[in-house]
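Take a walk through this structure, one stop at a time. Keep the sequence beside the 3D view as you read.

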Amino acid sequence: MFKIKKRLLIALTLFCSFFALVACSENKIANKPENSAVYDQAKVLSKETIKKIDKINEESNNTDKKLKIGVYITDELGDNDVEKMSLEIARKWKIGDKDTNNGVLLFLAINDKKSRLEVSDNLATRLTDVQSKAILDNMKPKLRSKDYDGALLDAVKNITEANNGKKIKSENSVSSEDMVGMIL
């Protein structure tokens with residue numbers, strides 16, 4: 001009888017340990033892929049889109065305003081909040097050239113419907129909080145229709161344009177000029 005209880009206790013302990021390890025591993029941050037700046041755990045991007053993002057990174061690395069864009073897509077945040085997790089990823093991945101500190105991480109949690117841009121200090125002078133919000137807002141219609149390729153490519157294009165000095169505006173909000181027209 002004692003041996004049966006002991007075996008049950010050992011089996012229960014192993015069973016609980018296994019599920020604890022699985023739960024902890026869900027929130028583990030993946031290493032940056034060796035040959036790409038895109039990590040797509042959710043498997044929502046096509047290979048062509050990943051290649052296009054990598055090509056944009058390669059091309060912008062050959063300009064005077066070097067820029068590195070990292071993309072991290074996960075199914076869900078788990079117990080993390082979007083700000084904390086995206087900041088941890090950006091720090092772990094060390095996105096951007098170390099001399100220019102010109103990088104940005106585009107983070108998506110698909111099932112949680114959360115997105116965020118983590119912008120390096122140097123890039124923040126060109127890609128402001130307002131422009132970052134506009135880029136994320138502009139992605140929403142395509143994300144809602146599950147056009148992840150289109151949403152990500154648009155965002156990467158807008159990030160690149162902001163790095164080159166273009167002001168990015170939200171396409172989904174009413175501008176102050178439109179408001180004046182509505183009032184009159």
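Start inside a helix. Asn 138 lies in helix H4, which spans residues 129-144. Is Asn 138 buried or exposed? Its relative accessibility is 12%, so Asn 138 counts as buried. Buried here means under 20% relative accessible area.

Now step back to the whole chain. The model is predicted. The protein chain holds six helices and four strands. What order do the elements of the protein chain follow from the N terminus on? They run α-β-α-β-α-β-β-α-α-α. The protein chain has 184 residues, and 35% of them are buried. Look also at how far apart in sequence the contacting residues are. Of the contacts in the protein chain with a separation of 6 or more, 64% join residues 24 or more positions apart.

Gly 70 gives a local view of such contacts. Gly 70 sits in strand S2. At 1% relative accessibility, Gly 70 counts as buried. Which residues does Gly 70 touch, leaving aside those up to four places away in sequence? They are Ala 37, Trp 93, Ile 95, Val 104, Leu 105 and Leu 106. Gly 70 and Glu 118 are 48 residues apart in sequence. In space, their C-alpha atoms are 9.6 Å apart.

H3 covers residues 82-93, twelve in number. From first C-alpha to last, H3 reaches 16 Å, close to the 16 Å expected at 1.5 Å a residue. Which residues of H3 are buried? They are Val 82, Met 85, Ser 86, Ile 89, Ala 90 and Trp 93. These residues cover an arc of only 135 degrees around the axis, so they are on the same side of H3. Among the elements over the buried residues of H3 are strand S1 (38-40), strand S2 (68-74), strand S3 (103-109) and strand S4 (114-119).

Check both ends of H3. Just after H3 comes Lys 94, with a positive phi of about 50 degrees. Lys 94 takes this value although it is not a glycine. The loop between H3 and S3 holds Lys 94. Lys 94 counts as exposed because its relative accessibility is 67%.

Lys 113 is found between S3 and S4. The phi of Lys 113 is near 55 degrees, a positive value in a residue other than glycine. At 76% relative accessibility, Lys 113 counts as exposed.

Turn next to helix H2. H2 has 14 residues. Its first and last C-alpha atoms span 20 Å, close to the 20 Å expected at 1.5 Å a residue. The buried residues of H2 are Thr 49, Ile 53, Asn 57 and Ser 60. They cover an arc of only 80 degrees around the axis, which puts them on the same side of H2. What lies on the other side of H2? There, Lys 47, Glu 48, Lys 51, Lys 55 and Glu 58 are exposed. The cover over the buried residues of H2 includes S1, S2 and H5.

The last stop is the pairing of H2 with H5. H2 spans residues 47-60, and H5 spans residues 148-163. They pack at an angle of about 5 degrees, with axes 10 Å apart. H2 and H5 are therefore roughly parallel to each other. From H2, the contact draws on Thr 49, Lys 52, Ile 53 and Ile 56. From H5 come Asp 149, Leu 152, Leu 153, Val 156 and Thr 160. Two of the H2 contact residues, Thr 49 and Ile 53, are also listed among the buried residues of H2.

Terms used:
Residues numbered from 1 in each chain as written. Predicted model: local features only at pLDDT ≥ 70, side-chain atom pairs only at ≥ 80, totals over all residues. Heavy atoms only, no water. Expected span 1.5 Å × (residues − 1). Buried < 20%, exposed > 50% of the residue type's maximum accessible area, 1.4 Å probe, protein only. Arc of directions from axis to C-beta. Contact = heavy atoms within 4.5 Å. Axes fitted to C-alpha atoms, helices over the stretch in contact; angles between N-to-C directions. Parallel < 35°, antiparallel > 145°, perpendicular 65-115°, else oblique.
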